[in-house]
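Hi,

Here is the structure I promised to pass on. Have a look at it first, and then read my notes below.

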Amino acid sequence: MIHESAGARRRLLAGCVLTMVSAVVAAQSNTMDEIARYRQMLQDGNPAELLIARGEELWKTPRGPRNASLEQCDLGLGPGVVKGAYARLPRYFADADQVLDFEGRLVYCMVTLQGVRRGDAVKNPFSGAGQRATDIEAITTYVVDQSRGARIDVPQEHPKEMAAFDRGRYLFYMRGGPYDFACSTCHGADNQRIRLQDLPNFEKTEAAQRAFAQWPAYRVSQGALRTMQWRINDCFRQQRFPEPVFVSQATIDLITFLGVRANGGTMDSPSIKR
Amino acid sequence: MPDPMRIRANAQQDGVDVRVLMSHEMETGQRKDGNGNIVPAHFISNVTVTHGGKTVLSAEWGPAVSKNPYMQFKFQGGKKGDEVTVTWVDNMGETRTDKATIA
Amino acid sequence: MRLHRFVAWFAPAVVVGGCATQTYSPPTEEETRAVIRAGFHDRGIAKVDRLNQTDLQASCSKYHNKPPEDVRARLQQAAGATVKYPADGKWLGDFKQGERIAQTGVGLQWTDGPTTVNGGNCYACHQLTKEEISYGNIGPSLYQYAKVRGTGEDTMRYTWGKIWNTHAYNACSQMPRFGDAGILTEEQIKHVMALLLDPNSPVNK
Amino acid sequence: MKTGRREFIRLGGVFGALAAIGVLTEKEAWAQQQAWNKAAFETKNLNDTIKALGGSAVSKSDDITMTVPDIAENGAVVPVGVASRVPGTTQIYILVDKNPNMLAAGFTIPQGTEPNISTRIKMAQTSNVLAVVKANNQFFVATKEVKVTLGGCGG
């Protein structure tokens, strides 16, 4: 009898712990619902919209040493075609003999069309705290907005596009630095979160599509429009890696990998995020 | 010169729905820069929305309004094609006025 | 064209692009690493030598964190040998300081200074207390850790080893090697231990 | 008041230029700037805020509806909507209990405008958000808690 009652008590205690844990789990699902509601409330009135007009003006106004506009920049669909172009990048460009993402192509056009020195074009691409959005951020906002609703279609036809994908895949899984992190540490499994932020699993098409479709984005935590190159840069910062070089082949390779994984998704950028 | 606002004004059954986004830092005066110096407060202090020469909303803000402020409200008496004018003034004396046509 | 993507993994494939016919052979690991190396630069305390992988990092990357049994055994054994247990034999520090370490995510980024006190950032991946609703789920929930596992010597030793070098127990785990990689000091690890194992810690309330 | 004078001169210059292009008259701009209720925006508790807004007492009201998230993913942007069914509403104020200064924003609602506004505010930490309504020179208040969470990788 004594043994039995001790056992029963132990079971009761275990039951208590279980109840507490499940109450906490229920609370967590409420938390995620509320976070979803918060995100929903932000959807109307995305400050990224403030940048679109400025970006369009920068795109169309003759500037630089050659006093040329960017309108003749070929984003892959022919000179002057902006609509839908972002959704098909990165891709191989014969004139550059290189796979370029949008920001890389923008730098290329600033150099070749406007006569800007490359070193000047890639200097300070991201705005700091309290700073106005950079020209690259504004132009990117305008161009990506022109792909809203377009199908993501990052090509894998040219051997260099395939090589970019393969190198990007390698980098995605490459653990390094004092924390042993790789991109895949956070983005290689389903339904993972850091704190309350969902982490898209780039091994899964749907998650990859959703994530890729929403960059560039206005980040309310920073009060700034952030581009895909910034997204990659800040992931590596928190990965405790050295800093990726802006529009370097390695960053473009990684974006190619992510983009190909997201193929078939629908662009929904600029979005608004935490 | 501050960047333009983005104003949407839509005639609905129960009035004109106005949504405004403004481009402004809204510095709190509490943030420190990279060198540890306080960045002085810089924020929109007053907003006025007019329609047909009449004020339909005015606001007084402090630095706790979010960066790149947003506001939304509804007024009666406007119709499609009318103009809505929004003016803001900040604590450093900068100002900006933009107009939108009611859709 | 998509077919070639998969073919490419095994052997050079013929790619038809426009009217030209080209052969695709995937980049070698050496070529890939050269492109990656050229794509990063030193910034602040984060130098490019961080791209040089340890045996553990290279093996886990190669197998996408699912190493074959023999590799797993080798990595776990090597990791186990790195664990330094507390010199004074005391496992637990102050759980309040442990909570602060668990909440803090700075350290070892290029935006951190050489004297930045590193955090443990436990909440980024683990649930710990009922009070903190903002926690991640990459790692298991540690809420009620001591109630579930007790506070015996085995638990103390296991938990310390797990924090010091997680790969001693689970090769290619995603968790940083807080002791072995010098992210947290011995004293900080004691505080985190207290957060998990002190009966008065909010983790066990 | 040395600073005040310097500001006066700068403002005069800017508004003077504006007056020239006919956007705002200098007088109108000055009236706005001068009327900004500095004292109210420096208050630290509800009673002081109400006093600075010209009131003496405030009572709770069920006729104020607040639309706020229970949890904000980031304190830099917290959406807040306030709708008042208190008859004769002329002003709506948004206050945050635990911000360094309590008053975040005030709106004046002329006749013909719905006493229903939305905006976005900053919150330093988890706190009560208060909606204060002025109607017929009386003050009413409603309260809702918003939890502000820490997000991201924490670095």
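Let me start with a question: which residue forms a salt bridge with A:Arg39? The partner is A:Asp198, and the closest N and O atoms of the two are 2.9 Å apart. (A salt bridge here is a side-chain nitrogen of Lys or Arg within 4 Å of a carboxyl oxygen of Asp or Glu.)

Before going on, some housekeeping. This is a predicted model, where local features need pLDDT of at least 70 and side-chain atom pairs count only at pLDDT 80 or more, while totals for chains, interfaces and linings use all residues. Residues are numbered from 1 along each chain as its sequence is written, chains are lettered from A and ligands numbered from 1 in the order in which they are written, and side-chain values use heavy atoms, with hydrogens and water left out.

**Inside chain A**

Chain A splits into domain 1 (1–45) and domain 2 (46–273), with bounds that come from an automatic or database domain assignment. Taken over C-alpha atoms, the centres of these two domains of chain A are 40 Å apart. Domain 1 of chain A puts 10 residues into the contact and domain 2 of chain A puts in 8, where contact means heavy atoms within 4.5 Å. About 700 Å² is buried between the two domains of chain A, 54% of it from carbon and sulfur atoms. (Buried area is the accessible area, with a 1.4 Å probe, that two parts lose on being put together, summed over both.) The count between these domains of chain A is 1 salt bridge.

**Chain C against chain A**

Here 65 residues of chain C meet 52 residues of chain A, and the two chains bury about 5300 Å² between them, with 58% on carbon and sulfur atoms. There are 3 salt bridges across the interface of chain C and chain A. One of them joins A:Arg195 to C:Glu132, with the closest N and O atoms 3.7 Å apart. On the side of chain C that touches chain A, α2(C) gives the most, with 6 residues. (Helices, H or I of at least four residues, and strands, E of at least two, are DSSP runs numbered from the N terminus.)

**Chain D against chain B**

In this pair, 36 residues of chain D are in contact with 37 residues of chain B. The area buried between chain D and chain B is about 2900 Å², 50% of it on carbon and sulfur atoms. D:Gln32, D:Trp36 and D:Lys122 supply 21% of what chain D buries against chain B, more than any other three residues. How many salt bridges are counted between chain D and chain B? The count is 0. On the side of chain D that touches chain B, β7(D) gives the most, with 6 residues.

D:Ser61 sits in the loop between β1 (58–60) and β2 (64–67) of chain D. Is D:Ser61 buried or exposed? D:Ser61 counts as buried because its relative accessibility is 12%; buried means under 20% relative accessible area, exposed over 50%, and partly exposed in between, with a 1.4 Å probe and protein chains only. The side chain of D:Ser61 reaches the backbone nitrogen of D:Asp63 at 3.0 Å. Leaving aside residues up to four places away in sequence, D:Ser61 touches D:Val86, D:Phe140, D:Val141 and D:Ala142.

Cheers

Conventions. Polar contact = N/O pair within 3.5 Å; in protein donor to acceptor, adjacent residues only side chain to side chain.
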